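Biologist: Can you walk me through this one? I'd like the overall picture, then some strands and residues.

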Amino acid sequence: MPNRVIPNLPHIDQVGFVVQNLMESVRSYEMLFGEFNVWEPTYIEAASYRGEFADCTLHIATTQNGSLEIELIQALEGRSPHIEATERSAFGMHHVRYRVKEIEGYIKAAQSCGYEVIWYKHWDEATKFGYLERAGDPLIIEFLEMP
């Protein structure tokens, strides 16, 4: 059934989890999802976070389960939605991601459904991401525009 509120919204391509300890979580979830690729800690500089520029460092592991990517994220330092979740001990499913073209149109459509942008980064001309949340809903949606 096509989505009528956000036109042409593609299928979810990633489910992200915030975890307390990345390596323990990788070992725990490998039996369900398969072998993870563990990245070096990722430094994200000057992303717009709740109206201000903020840096953060995240430790990430990913694996592919069919067409769905599973992402585990341990927040190390700085300011981001993952740091916020960690400070609240809100570990577990955190966000779903949609890979889109023309991210701004999807953000505008989601805003008409009550979502607001809380984290946004314009990496380069081809790559942008935005995390959006809405009041009373613990699930964050991510839009990623990337070739």
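Modeller: A convention before the charges: Lys and Arg count as positive, Asp and Glu as negative, and His and the chain ends are left out. Also, this is a predicted model.

Biologist: Fine. How many positive and negative side chains does the protein chain have, then?

Modeller: There are 12 positive and 22 negative side chains. The centres of the two sets lie 7 Å apart.

Biologist: Now the fold. How many helices and strands are in the protein chain?

Modeller: Three helices and nine strands. From the N terminus, the order is β-α-β-β-β-β-α-β-α-β-β-β. The radius of gyration is 15 Å, close to the 15 Å that the globule rule gives for 147 residues, so the chain is as compact as a globular protein of that length.

Biologist: What does the C-alpha trace span along its principal axes?

Modeller: About 40 × 35 × 35 Å.

Biologist: And what share of the residues counts as buried?

Modeller: 44% of the 147 residues. The chain exposes about 8,400 Å², with carbon and sulfur atoms supplying 51% of that area.

Biologist: What about contacts between residues 24 or more positions apart?

Modeller: Taking contacts with a separation of 6 or more, such pairs account for 56%.

Biologist: Let's move to strand 8. Why is it largely enclosed by the rest of the structure?

Modeller: Strand 8 covers residues 128-134, and five of its seven residues are buried, so the rest of the structure largely encloses it.

Biologist: Which way does strand 7 run against strand 8, parallel or antiparallel?

Modeller: Antiparallel. Strand 7 is residues 116-122, and six bridges join it to strand 8. Trp119 stands opposite Tyr131 there.

Biologist: How does strand 6 pair with strand 9, in the parallel or the antiparallel sense?

Modeller: Parallel. Strand 6, residues 92-99, pairs with strand 9 over five bridges. Arg99 has Leu144 of strand 9 as its bridge partner.

Biologist: Back to the loop between strand 7 and strand 8. Is Thr127 buried or exposed?

Modeller: Thr127 sits in that loop. Its relative accessibility is 13%, under the 20% cut-off, so Thr127 counts as buried.

Biologist: What does Thr127 touch?

Modeller: Leaving out residues up to four places away in sequence, Thr127 touches Lys121, His122, Glu145, Met146 and Pro147. Glu145 is also the residue opposite Lys128 in strand 9.

Biologist: One more residue. Where is Leu58 found?

Modeller: In strand 4, residues 52-65. Leu58 has 3% relative accessibility, so it counts as buried.

Biologist: Which residues does Leu58 touch?

Modeller: With residues up to four places away left out, its contacts include Pro41, Ile44, Ile73, Ala75, Leu76, His82 and Trp119. Trp119 is the residue opposite Tyr131 in strand 8.

Biologist: And what separates the C-alpha atoms of Leu58 and Ala75?

Modeller: 4.7 Å, though Leu58 and Ala75 are 17 residues apart along the chain.

Terms used:
Residues are numbered from 1 along each chain as its sequence is written. This is a predicted model: local features need pLDDT of at least 70, side-chain atom pairs count only at pLDDT 80 or more; totals for chains, interfaces and linings use all residues. Side-chain values use heavy atoms; hydrogens and water are left out. Buried means under 20% relative accessible area, exposed over 50%, partly exposed in between (1.4 Å probe, protein chains only). Helices (H or I, at least four residues) and strands (E, at least two) are DSSP runs, numbered from the N terminus. Two strands pair if DSSP finds at least two bridges between them. The radius of gyration is taken over C-alpha atoms; the globule rule is 2.2 Å times the number of residues to the power 0.38. Contact means heavy atoms within 4.5 Å. Accessible areas come from the Shrake-Rupley method with a 1.4 Å probe; for residues, only the protein chains shown count as cover. The place of a charge is taken as NZ of Lys, CZ of Arg, CG of Asp or CD of Glu.
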